[in-house]
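Subject: Handover of a structure, with notes

Dear colleague,

Please find below the structure that I am handing over to you. My notes follow it, and I would ask you to read them with the model open.

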Amino acid sequence: MPDLTACPARTDVTAPTPNTLAYSLTLPSALTSPAIARALTRAALTAHGLAALVDPATQVVGELTGAACTFSATPEMYLSLRFREGVLRVIAYDSHPRHTHPRLAAACDARRRTALRLLACVARACEGDWGFGEAREPGGGTRMWVTMPYGGGAAYGHR
């Protein structure tokens, strides 16, 4: 009979806290993905004691994943949620490469900014920041992001 004592059992399991919020997932570039991402965000923030950020964060996640699905040239896109030092960071990657021709790049950036207009309003209302640019990860594409300080996000809709 094998010796099961050689398999370590984890004993330091603790409840989720805000600073342990760290989720990354790959989603299909499909119309259902923003709803799935919003549901995951709602559940994760609530489990990690960040329920005060649910409303603005689900709006941000929906806007980012919707844009990523729209612009992605592949069947998948990527989403990341992190909370560190009092700031929620949401990042979405799509496979749409940055254009090298200046006019094409400017037109594409304008189209993306238009698609993210509501996201920009939410980020500003939460005293956060947002943007997009070339993905630094292998495979290229575009990285879109939002940072949302806890205080600004928690006050969202209450001003």
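Helices (H or I, at least four residues) and strands (E, at least two) are DSSP runs, numbered from the N terminus.

Two remarks on the source come first. This is a predicted model, in which local features need pLDDT of at least 70 and side-chain atom pairs count only at pLDDT 80 or more, while totals for chains, interfaces and linings use all residues. Residues are numbered from 1 along each chain as its sequence is written, and side-chain values use heavy atoms, with hydrogens and water left out.

Is Cys69 buried or exposed? Buried means under 20% relative accessible area, exposed means over 50%, and partly exposed lies in between (1.4 Å probe, protein chains only). Cys69 has a relative accessible area of 14%, so it is buried. Contact means heavy atoms within 4.5 Å. Leaving aside neighbours within four places in sequence, Cys69 is in contact with Pro28, Ser29, Ala30, Ser33, Pro34 and Met77. The C-alpha atoms of Cys69 and Arg124, which are 55 residues apart along the chain, are separated by 23 Å.

Helices α2 and α3

The axes of α2 and α3 come within 10 Å and cross at roughly 145 degrees. Axes here are lines fitted to C-alpha atoms, for helices over the stretch in contact, and angles run from 0 to 180 degrees between N-to-C directions. On the α2 side, Glu63, Thr70 and Phe71 make the contact; on the α3 side, Cys108, Arg111, Arg112 and Ala115 do.

Salt bridges

How many salt bridges are there? A salt bridge is a side-chain nitrogen of Lys or Arg within 4 Å of a carboxyl oxygen of Asp or Glu, and by this rule the count comes to two.

- Arg112 and Asp94 meet through their side chains, at 2.7 Å from N to O. This pair links distant parts of the chain, with Arg112 in helix α3 (residues 102-115) and Asp94 in strand β3 (residues 87-94), 18 residues apart. Both Arg112 and Asp94 are buried.
- Arg98 forms a salt bridge with Asp109, and their closest N and O atoms are 2.8 Å apart. This pair also links distant parts of the chain: Arg98 is in the loop between β3 and α3, Asp109 is in helix α3, and eleven residues separate them. Arg98 is partly exposed, at 27% relative accessible area, whereas Asp109 is buried, at 15%.

Cysteines and disulfides

A disulfide is a pair of cysteine sulfur atoms within 2.5 Å. By this rule the count comes to zero. Cys126 is buried, with a relative accessible area of 0%, while Cys121 is partly exposed, at 39%.

His48

His48 lies in the loop between α1 (33-47) and α2 (54-71). With a relative accessible area of 4%, His48 counts as buried. Its side chain reaches the backbone oxygen of Thr17 at 2.8 Å; a polar contact is a pair of N or O atoms within 3.5 Å, where within protein one must be able to donate a hydrogen and the other to accept it, and residues adjacent in sequence count only if both atoms are side-chain atoms. Not counting residues up to four places away in sequence, His48 touches Pro16, Thr17, Pro18, Thr20, Leu21 and Tyr23.

With kind regards
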